[in-house]
Amino acid sequence: MSKVIKKAYAEEMKQGYNLRTAMEEASRCLLCHDAPCSKSCPAKTDPAKFIRSLRFRNIKGAAETIRENNPLAGCCAEVCPYGQLCEQACSRTGIDKPIEIGKLQKFLVETEKREGMEFLHVEEKRDGKIACVGAGPASLACARELALFGYDVTIYEANEKAGGVLTYGIVPSRLPQEVVDFDIATIEKLGVTFKFNETIDAARLEELKAEYDAVFVGTGLWKSKVIDIPGKDLDGVVSAIDFLKDARLNKENMTLGDTVLVIGGGDVAMDCVTTAKQLGAKATIVYRRTIEEAPADIDEVMAVQSMGIPIIQEFAPGEIIGSKGHVTAMKFNGRDNESELTMKADQVVFAIGQAACDTTKDIKAGGKVFTGGDMVNGGKTVVQAVAEGKDAAAMIAAYLNK
């Protein structure tokens with residue numbers, strides 16, 4: 001088994017702007033009156049406003065616009081699919097290329113942190129206690145908004161750290177932990193309380209409903225989907241969630257196969273295969289459709305390809321082969337129903353989707369219980385979870401004031 005730890009695992013992939021290059025990019029903005037870029041942001045970060053401020057050298061005002069509108073501004077700057085949202089809507093697309101909104105947001109959040117800027121201030125305190133279950137994007141956004149309204153908010157998290165998928169499910173070269181920690185720190189400064197190692201099941205939820213005036217549940221999707229094929233229970237077969245979490249927590253000591261096969265074609269699969277490669281394994285993706293049909297963001301696919309990682313297309317899992325209880329190879333069936341493929345492997349990572357955990361899958365919104373994020377939408381983007389958290393906060397505030 002390989003124990004090689006490469007520095008690249010913690011090195012950020014994307015290179016950011018400095019003040020000069022950020023100003024040059026902002027100067028390309030057409031200052032559209034209808035601002036299609038802002039209309040396309042689920043979290044209403046308002047790119048048009050912060051780019052306008054930046055263009056006229058109001059750096060602090062630009063950073064303030066981002067932080068006020070997006071509780072997870074730093075994280076979204078790193079992982080948001082801009083090419084499918086605000087940048088796709090940019091009016092310059094029809095002229096040459098869209099404004100690089102994501103890189104501008106990243107620059108401004110970095111400036112906010114470096115300069116010690118603080119923009120958030122709690123309104124006059126109001127009566128009302130809210131519990132948020134889960135410390136992922138939706139709950140963090142909901143808690144931030146409610147704290148700004150003046151409510152007393154407590155977040156309950158099953159893990160030892162806040163962030164959910166941001167902390168445990170995304171490779172740090174794509175989302176550095178210090179970025180996650182900074183966003184969370186801006187929320188904690190508002191008086192939000194965190195309680196870790198707290199698993200909330202149906203019985204505990206009833207206790208929270210009795211103790212709090214409202215409860216928001218945004219626990220995400222932490223149960224991996226499994227393909228029922230021979231060999232799925234062999235040692236060396238792991239889920240994407242467990243693989244990524246193990247790498248984040250135990251990268252110096254995790255057991256990593258010399259030859260790792262990642263099954264899937266989404267962003268999570270891309271994170272798994274880059275993690276395996278960066279930690280020293282020979283890593284390959286196998287996907288049942290073509291890469292053009294894959295749900296992964298094109299930038300993530302290109303990053304995988306730039307690392308020299310093979311992507312084998314149009315082969316579906318057939319059987320996992322083992323010896324003495326451990327994985328040794330895997331068989332695949334071709335999409336043409338004729339081809340077959342057998343590949344050597346001592347670790348197989350399934351990244352084929354997630355579902356809600358058994359403890360929370362049956363929780364429904366109603367009464368003083370509100371829900372949002374991946375457990376409701378089926379697993380979308382961080383920025384969508386932020387939007388749903390913000391919307392839930394507004395509904396909770398209305399509920400408490402009725």
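Student: Let me start with one side chain. Is phenylalanine 194 buried or exposed?

Tutor: This is a predicted model. In it, phenylalanine 194 has 14% relative accessibility, so phenylalanine 194 counts as buried. The cut-off for buried is under 20%. Phenylalanine 196 has 32% relative accessibility and counts as partly exposed.

Student: How far can I trust the model? What is the mean pLDDT of the chain?

Tutor: The mean pLDDT is 94. Of the residues, 97% reach 70 or more. Watch residues 1-7, where pLDDT stays under 50. For that stretch the model has 22 contacts beyond four places in sequence.

Student: Now aromatic pairs. What describes a pair of rings?

Tutor: Two values describe a pair of aromatic rings: the distance of the centres and the angle of the planes. The count here comes to three aromatic pairs. Take tyrosine 156 and tyrosine 212 as one case. Their ring centres are 6.2 Å apart and their planes stand at 85°, so this pair is edge-to-face.

Student: Where do tyrosine 156 and tyrosine 212 lie?

Tutor: Tyrosine 156 is in strand β2, residues 152-156. Tyrosine 212 is in the loop between α11 (202-211) and β4 (214-217). The pair therefore ties together parts 56 residues apart in sequence.

Student: Which charged residues sit over a ring?

Tutor: Lysine 103 lies over the face of tyrosine 17, at 4.5 Å from the ring centre. The charged end of lysine 245 sits over the ring of tyrosine 168, 5.1 Å from its centre.

Student: On to strands. Which way do the side chains of β13 point?

Tutor: In a regular strand, side chains alternate between the two faces of the sheet. Strand β13 covers residues 347-350. Gln347 and Val349 point one way. Val348 and Phe350 point the other way. All four are buried.

Student: Which strands pair with β13, and in what sense?

Tutor: Strands of a sheet pair through backbone hydrogen bonds, either parallel or antiparallel. Strand β6 (residues 237-239) pairs with β13 in the parallel sense, over three bridges. There, serine 239 stands opposite phenylalanine 350. Strand β7 (residues 259-263) also pairs with β13 in the parallel sense, over four bridges. Valine 262 in that case stands opposite valine 349.

Student: What is threonine 259 in contact with?

Tutor: Threonine 259 is found in strand β7. Its relative accessible area is 16%, so threonine 259 is buried. Leaving aside neighbours within four places in sequence, threonine 259 touches Lys282, Lys344, Ala345, Asp346 and Gln347.

Student: What is the strand order in the antiparallel sheet of three strands?

Tutor: The order is β10-β11-β12, and the sheet is open. Strands β10 (315-323) and β12 (340-344) stand at the edges. Each has a single partner strand, so one side of each has no neighbour in the sheet. Neighbouring strands are turned by 25° against each other on average, direction ignored.

Student: How many bridges join β10 to β11?

Tutor: Eight bridges join β10 to β11 (residues 326-334), and the two strands run antiparallel. In one of them, proline 317 has phenylalanine 332 in β11 as its bridge partner.

How values were computed: Residues numbered from 1 in each chain as written. Predicted model: local features only at pLDDT ≥ 70, side-chain atom pairs only at ≥ 80, totals over all residues. Heavy atoms only, no water. Buried < 20%, exposed > 50% of the residue type's maximum accessible area, 1.4 Å probe, protein only. Pairing = 2+ DSSP bridges. Contact = heavy atoms within 4.5 Å. Axes fitted to C-alpha atoms, helices over the stretch in contact; angles between N-to-C directions. Phe/Tyr/Trp six-rings, centres within 6.5 Å; stacked < 30°, edge-to-face > 60°. Lys NZ or Arg CZ within 6 Å of the ring centre and 35° of its normal. pLDDT = per-residue confidence, 0-100.
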